[in-house]
Structures are given as C-alpha cells and as structure tokens.
Amino acid sequence: MNYFIKFILYFLLSIIGISLFYVEINEYNQQKVFNKSLNQYIVNLEGLAKVNNLIFSLQRERGMSTGLKGEKDYLERLNTYIKATNFSIDDVKAADQSDYFKEFATQVENDIRSIRNENQLASKSKESIFKSYSVLITLLLKKVRIVEAEQQFFIRQSNDNNLEALDLYTLLRAIELGGQLRAKVARYITSEDEQVKLVVLREALNLHSQHNSLIKNLFNDQDANIYNNQNKLLIENLINSLSQGKATGKITKFEWWDISTAYLNELIEHSNTIISEMRLSAQKLKAQGEEKTLLALCFAVIGGILCVASICMIIRLLSLSKDKRLNYSTATTIQLIITFVGITSVLYVEHYASQKLLKYQSNIEILRNLNLQAIDNIYTFDQLWQKQKANQMLSALSSIQHQNHLDFNDMDLDEPRDLQFLNSMNLQSIIQSEREAINEGRIISKAIETPANGVIYLIAGLKISQSGLTNTLIVYEVSLNHLIAKAREKIITLENMPRAGYFVEDDLLSFKSLINNNSNQYDKSELLSAYVWDQELNLGSYSYESSKK
C-alpha cells in the first residue's frame with residue numbers, strides 16, 4: 001500500500017478513535033451520574049412504603065381521637081391505633097435505606113407525643129387537635145410528592161416510551177380527604193351541639209366532593225371494583241341524605257367508622273400496588289442504565305485503543321521511512337510532534353469529559369432543587385393563603401346568622417351578579433361548568449383568565465342550613481396577575497437567572513411541552529425546568545433555570 005495512503009488511513013483511524021472515546025466517555029459519565037441518582041431514588045422508594053404506613057396510622061389515630069367519644073370500645077381501638085402509629089414511626093427510623101425520611105420521623109414522633117398529651121389533658125379543642133394531626137400528615141404527603149416528582153426526570157432521561165409516571169400523591173391525597181371525611185362524619189354523629197354539627201357537616205360535604213373528584217380523575221372509570229363497591233355506595237347514600245338535611249338513620253358511629261375504614265383500606269391497598277409498580281419501573285431503569293454504562297465503557301475503551309494503536313502505527317510507519325522518504329531528523333521530529341499531539345489530545349478529551357461530568361452532576365442537583373421549588377411554591381400558596389381563605393369561606397357557609405364579610409359576596413345560584421373583577425357572564429359560565437360540584441357541596445377553587453382583568457382566582461360554595469344545602473352562593477375573588485406567568489408570553493428569556501411562578505389550566509399543555517425541551521427556543525440557552533399541577537387548587541407551579549451552553 002502507498003506510504004501516504006497508509007499515513008492518511010492511520011491518521012483518520014486515530015481521529016475516529018479519539019472521537020469515539022470522547023463521545024462514549026461522556027455517555028459513560030452521564031450514565032454513571034444517572035445511575036447514582038437513580039439508586040438514591042430507589043432507596044427513597046423503599047422508605048416510601050414505610051412512610052405510607054405512618055400516614056395511614058396517623059389518619060386512623062386522628063379520626064378516633066377527635067371524631068368519637070370515649071367508651072370502652074373507643075379506648076381499645078384508640079390504643080390499637082396509637083400502637084400502630086408508634087410501630088410505623090419506629091419502622092421509618094430503623095430503616096437502613098435512607099436518611100431522607102428518618103429525621104422527619106423523629107420530628108413527627110416528638111410532635112405526636114405533644115398532640116397526645118394535649119388531647120389527654122383536654123387542653124385544646126377537638127378541632128385544634130384534628131388540625132395538628134392534619135399538619136403532620138400534610139408534611140408527610142409533601143415528602144412523598146417530592147420523591148414522586150423525580151420519576152418524571154428518570155423516565156424522560158431513559159427515553160423509554162413504555163414507562164409512564166405513576167400518580168401516587170393524588171391517591172394519597174384522596175385517601176387523606178377520605179380520612180378527614182371519616183372523622184368529620186363521626187363527629188357529626190356523636191356531637192350534640194347543633195352549630196358544631198352544621199359546621200362539620202359543611203366541611204364533610206366539601207371533603208366528600210373533593211375526594212370523589214380526585215378518585216374519578218385518578219381511576220378514570222377503569223377500576224369499578226374500587227369506586228363502586230358496597231362500602232362506597234353506603235358512604236354515597238349517607239352523604240347525599242345529609243346534604244338534603246335528612247337524618248343518618250340507624251347507622252351508629254362505629255358502623256360508620258368500619259364502613260369508611262373498609263373503603264379506605266381498599267384505596268390503601270391500591271397505593272401499595274402503585275409503590276410496587278414504581279419500584280419495578282425504577283429497577284427496570286436501573287438495569288437499562290447499567291447496561292448502557294457497560295456498553296459506553298466498552299466503546300470508550302475500544303476508541304482509546306484504536307486511537308493509541310493508530311498513533312503507534314503512524315510512529316512505526318515514520319520509523320520505517322527514515323532515510324528512505326524522510327531524513328532521520330525530520331522523521332524523528334514528526335514522531336515527537338505526533339506523540340505530543342496524541343498525548344495532548346487524550347488529556348484534552350479527558351479534561352472536557354471531566355467538565356461534562358461535573359455539569360451532569362450539577363444538572364441533577366439543579367433539577368432536584370427545581371422540583372422542590374415548584375412543590376414548595378404550590379404548598380406555600382395552599383397553606384399560607386388558599387387554606388385560610390377556604391376556612392373563612394367554610395365559616396361563612398355554615399353560619400346560621402348572616403355575616404357581612406367585606407371580601408365575600410352573597411348571591412342566588414341561579415342569578416349571579418357583577419363583582420369587582422368577574423361579571424355575571426363570567427360567573428354564569430363558571431357555575432355551569434362546576435354545577436355538579438357546587439351542588440355536591442364542594443368549595444370550588446379556580447384560576448380564571450379574563451380579557452379585561454387578567455387572571456382572577458375564585459373561591460365559592462353554597463351555604464348550608466338545618467334543611468341541607470341552600471341556593472345561596474358565596475363568592476370570593478382576587479386578582480393574581482402579580483403571580484401568574486403566561487407561557488405564550490415568552491416567560492423564559494433570561495440567562496443564568498432561576499425563575500419560578502404559577503400558571504393557569506389554559507397553559508398546562510404549554511408547560512408539559514416545555515419540560516420535555518432541553519433548550520430555550522428563544523435564546524438557544526440550555527433549559528432545566530420542573531412543574532407541578534394541583535388539581536384541588538386548579539393551579540400550577542413551575543420553576544426553571546436557563547443558562548448558556
């Protein structure tokens with residue numbers, strides 16, 4: 001073969017070898033970071049099942065502590081639930097897998113001890129005790145939601161179209177609403193104070209409607225056994241009777257407790273099934289990741305060997321050419337130059353591969369923080385603002401006397417009137433779309449975009465009397481233009497600046513497509529993003545970070 005053809009061939013092979021090494025070592029580093037983060041996610045999933053048991057134990061203890069009066073049967077059941085809660089806390093604390101839940105379990109243990117003492121000493125009202133339990137459960141659910149949010153990233157990175165993100169949080173939230181409903185109806189049955197009965201009934205109707213909404217959307221009529229079983233039908237009949245002002249009939253407090261608990265236990269079994277499926281999906285991703293890592297390492301080694309071998313062949317070719325085609329000093333100089341360039345190229349490639357490794361690690365942490373920020377934003381909106389307004393609304397809806405609240409507007413359900421931001425046509429459209437939920441007793445929360453006033457957040461519900469739900473609608477409205485971002489207005493334009501905010505349902509599809517893009521279409525910067533949609537609030541939260549590649 002011609003000398004120059006051999007030289008060019010070896011040179012091209014060395015270029016191919018170093019390029020293959022660069023590409024595959026980057027793939028190897030990326031998969032290694034992915035696998036390490038995935039292993040942590042799998043560890044967190046192992047702890048998730050134990051946290052689930054703790055949540056369900058707290059729900060049963062809360063309901064028995066605040067919903068039923070003290071009797072022998074009551075004390076036996078309560079002690080059983082307290083022991084179950086203590087066991088669940090110890091189980092989380094003793095888990096070998098993860099520290100993610102352990103520290104929080106210790107906090108829960110201290111808080112639950114204080115709540116039990118307050119309940120035993122009767123130093124606080126039953127409603128205060130109920131809220132204290134609910135705060136702990138809400139914080140645990142937030143932890144679950146953070147772990148669940150990570151699966152979106154892993155599935156997206158795997159490019160496996162057969163894997164789907166499983167919605168555990170919505171089911172656990174539905175179970176929590178069902179647990180609150182169980183406690184409220186039990187308190188309604190046992191209470192002798194008519195005003196207390198009216199307040200807890202109005203809360204129960206809202207909880208029941210919210211629970212049904214989450215369950216219907218979650219199962220999408222695919223699992224009739226869970227949604228249409230005998231226990232569920234008994235609950236439906238009882239709540240419908242109460243909403244119409246009818247008596248509960250002959251059902252006793254413990255019969256109600258057993259019926260509602262049996263129904264919730266079926267949902268709990270389904271939640272355990274979802275966790276098992278999440279584990280299987282994660283294990284599948286782990287197996288795929290390990291296979292890709294090994295494959296990338298093999299190709300990187302092949303590329304490195306090819307590069308080194310090609311350079312050695314070039315040096316050997318030059319050695320054989322001394323005094324034939326090239327003089328000795330020229331050939332030696334070229335050999336030294338090629339050796340230097342080869343070593344420099346390998347070091348250069350390894351340096352940039354190391355830089356990319358650091359970038360992959362950084363991106364993983366950024367995405368984890370973005371998920372946390374999006375969830376924190378929705379949690380803050382719910383706990384610090386929406387829940388307070390909803391509680392004020394509940395108080396107004398269940399009050400026998402007329403309350404002149406400056407922010408609340410009374411109107412007939414069939415004759416809506418103009419308000420500060422929403423006109424009668426806006427309200428009529430909302431009432432028509434939410435009529436079934438309103439009639440069930442739900443306090444609807446909704447962000448609406450209007451042409452004239454921008455985004456308005458509405459909270460509304462029907463008043464209740466001794467005869468059941470009335471036709472009087474109480475509405476609260478507030479402008480959220482300072483909080484809401486619009487996807488179509490090119491919100492992602494800044495570089496090196498983290499951004500976060502809220503969005504309405506009309507922009508949900510835009511944010512779903514946004515999270516699947518790795519680059520900003522407006523300034524071609526690299527884009528890392530996360531979002532969460534809250535069905536109860538009818539509001540979404542997003543966060544992103546955009547930086548130059």
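This is a predicted model: local features need pLDDT of at least 70, side-chain atom pairs count only at pLDDT 80 or more; totals for chains, interfaces and linings use all residues.
Residues are numbered from 1 along each chain as its sequence is written, and side-chain values use heavy atoms, with hydrogens and water left out.

The chain contains 13 helices and seven strands; helices (H or I, at least four residues) and strands (E, at least two) are DSSP runs numbered from the N terminus. Of the 549 residues in the chain, 49% are buried, where buried means under 20% relative accessible area, exposed means over 50%, and partly exposed lies in between (1.4 Å probe, protein chains only). Among contacts (heavy atoms within 4.5 Å) between residues at least 6 apart in sequence, 72% join residues at least 24 apart.

The pairing of β2 with β3 (residues 454-465) is antiparallel and extends over seven bridges. Within this pairing, I444 stands opposite A460 in β3. The two strands, β2 and β3, form a hairpin with three residues between them. On to β4: β3 and β4 also form a hairpin, here with two residues between them, and their antiparallel pairing extends over nine bridges.

N206 lies in helix α6 and has a relative accessible area of 12%, so it counts as buried. Apart from neighbours within four places in sequence, N206 is in contact with G441, R442 and I443. N206 and G461 are 255 residues apart in sequence, yet their C-alpha atoms are 8.9 Å apart in space.

Helix α5 (residues 168-190) holds K184. This lysine counts as buried because its relative accessibility is 3%. Its side chain makes a polar contact with the side chain of E203 at 3.4 Å; a polar contact is a pair of N or O atoms within 3.5 Å, of which, within protein, one must be able to donate a hydrogen and the other to accept it, and residues adjacent in sequence count only if both atoms are side-chain atoms. With neighbours within four places in sequence set aside, K184 is in contact with E127, F130, V200, E203, A204 and L207.

Two loop residues follow. L483 is found in the loop between β4 and β5 (499-503), and with a relative accessible area of 30% it is partly exposed. Residues up to four places away in sequence not counted, L483 touches F381, G501 and Y502. The C-alpha atoms of L483 and V455, 28 residues apart along the chain, are separated by 9.1 Å. N538 lies in the loop between β6 (526-534) and β7 (539-547). The phi of N538 is near 55 degrees, a positive value in a residue other than glycine. Most residues other than glycine have a negative phi.

On a 1 Å grid over the protein atoms alone, a cavity is a set of points where a 1.4 Å probe fits but cannot get out, and lining residues have an atom within 4 Å of a point. Grid points are joined across faces, edges and corners, and a volume is the space filled by probe spheres set on the points. The largest cavity holds about 80 Å³ of space, and the residues that line it include Y41, Q151, F154, E277 and L285. Helices α4 (126-158) and α9 (253-320) each supply at least two residues of this lining, and the largest share, five residues, comes from α9.

Key:
Two strands pair if DSSP finds at least two bridges between them. On a 1 Å grid over the protein atoms alone, a cavity is a set of points where a 1.4 Å probe fits but cannot get out, and a pocket is an open set with protein on both sides within 12 Å along at least five of seven lines; lining residues have an atom within 4 Å of a point.
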